[in-house]
There are 2 protein chains.
Amino acid sequence: MNFIYFATTNEGKRQEASQILGIRVEGIKLDAPEIQSLDVNEVAHFKARHYFDQLKHPLFVEDTALIFNALNGLPGPYIRDMSEALGNEGLIKLLAGFADRSARAVSVLVYIDGEGKEHIFEGVVGGTIADSVRGEGGFGWDPIFIPAGSSKTFGEMDRTEKNKISMRKLALEKMAAFLYT
Amino acid sequence: MNFIYFATTNEGKRQEASQILGIRVEGIKLDAPEIQSLDVNEVAHFKARHYFDQLKHPLFVEDTALIFNALNGLPGPYIRDMSEALGNEGLIKLLAGFADRSARAVSVLVYIDGEGKEHIFEGVVGGTIADSVRGEGGFGWDPIFIPAGSSKTFGEMDRTEKNKISMRKLALEKMAAFLYT
């Protein structure tokens, strides 16, 4: 293939993917339903199938979940809506009744090749939820997630620093390894 | 029409609907995606369209949301998944950091008539979230929701008592009024 579609309109994400995958990546956004499920793989799979049915060309979609271990999978794929509803302060408050502040940030890539075959790549970063909102960088819940091994939240890192250790990067690297072996 | 489809496999719900609507109701379950959205109307609308595309016959779907006012719309339509992940004790704990325990239980019926036209009926019951799980009756989150004007949770009521004041009953009565005027 001489290019691959990526279901995103985010130019930063598109460039990052193109760099790591070493291939031309075209951003595209179709009107595809995002289904209710606590399983981020299932959400991404459903979306990817929808895209492939329309595009009939190699593509991948990315979906992110933020899992609070105390909340048994939540917010999970609902992090976008829950983040919008509650803001970062509200997300922190959800944990007020729980002792465990550990969390996992998960990025799932579903790649569908030219024959319609599906391949899943997952990047996981462990960490903890900060007890206050910290940092102006990043977006969404970046200011409340402290990746393991760091004392800073994603929101306190600049983009280069964050992208070096992000769950999306780990997933993209797995996909690159798959494409070139 | 001499009967209407209701997207449910729950025999109790089917009977209740048939009684209130005064028409034959056939339960049916299709594989329809439930989309991510904090707007329960949108979730029900999407499902209803999917059913109508396949059935081409008058039908209605019902969707329920439980809204914690402190959580700005949440759990909302995600109550089923959040309830499964956390259990009732966990749902109560989510509010540990918030003073406001008020809530709304919402039932939305989307009815699509023989011409494919859509009608929405909403039943809302205000109330509060109990500070402990109370009662063995009902199902799901019934044991933590105390409807306004009562000292009991839905879980402490028998089915007849609950159905008399339920949000689904209010929505069904609105639909009945619409069908017969």
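By what turn and shift can chain A be laid on chain B? A turn of 180° with a shift of 0.0 Å along the axis does it, at an RMSD of 0.0 Å (least-squares superposition on the C-alpha atoms of residues with pLDDT of at least 70 in both copies). The two copies are thus related as by a two-fold rotation axis. Keep in mind that this is a predicted model, where local features need pLDDT of at least 70, side-chain atom pairs count only at pLDDT 80 or more, and totals for chains, interfaces and linings use all residues. As for bookkeeping, residues are numbered from 1 along each chain as its sequence is written, chains are lettered from A and ligands numbered from 1 in the order in which they are written, and side-chain values use heavy atoms, with hydrogens and water left out.

**Around the axis**

- Ile35(A) is the residue of chain A that comes closest to the rotation axis, with its C-alpha at 2.0 Å.
- Both copies use the same surface, as 100% of chain A's contact residues recur in chain B (contact means heavy atoms within 4.5 Å).

**The interface**

- Chain A puts 24 residues into the contact, and chain B puts in 24 residues as well.
- Between them the chains bury about 2100 Å², with 65% of that on carbon and sulfur atoms (buried area is the accessible area, 1.4 Å probe, that two parts lose on being put together, summed over both).
- Gln36(A), Tyr78(A) and Asp81(A) account for 27% of the area chain A buries against chain B, more than any other three residues.
- On the polar side, there are eight residue pairs in polar contact between chain A and chain B, both residues at pLDDT 80 or more (a pair of N or O atoms within 3.5 Å; within protein, one must be able to donate a hydrogen and the other to accept it, and residues adjacent in sequence count only if both atoms are side-chain atoms).
- Helices H2 (40-55) and H3 (79-94) of chain A are the elements that give two or more residues to the side touching chain B.
- H3(A) brings the largest share of that side, eight residues.

**The fold of chain A**

- Chain A has five helices and seven strands (DSSP runs numbered from the N terminus: helices are H or I, at least four residues, and strands are E, at least two).
- Reading from the N terminus, the order is β-α-β-α-β-β-α-β-β-β-α-α.
- Along the principal axes, the C-alpha atoms of chain A fill a box of roughly 50 × 30 × 25 Å.
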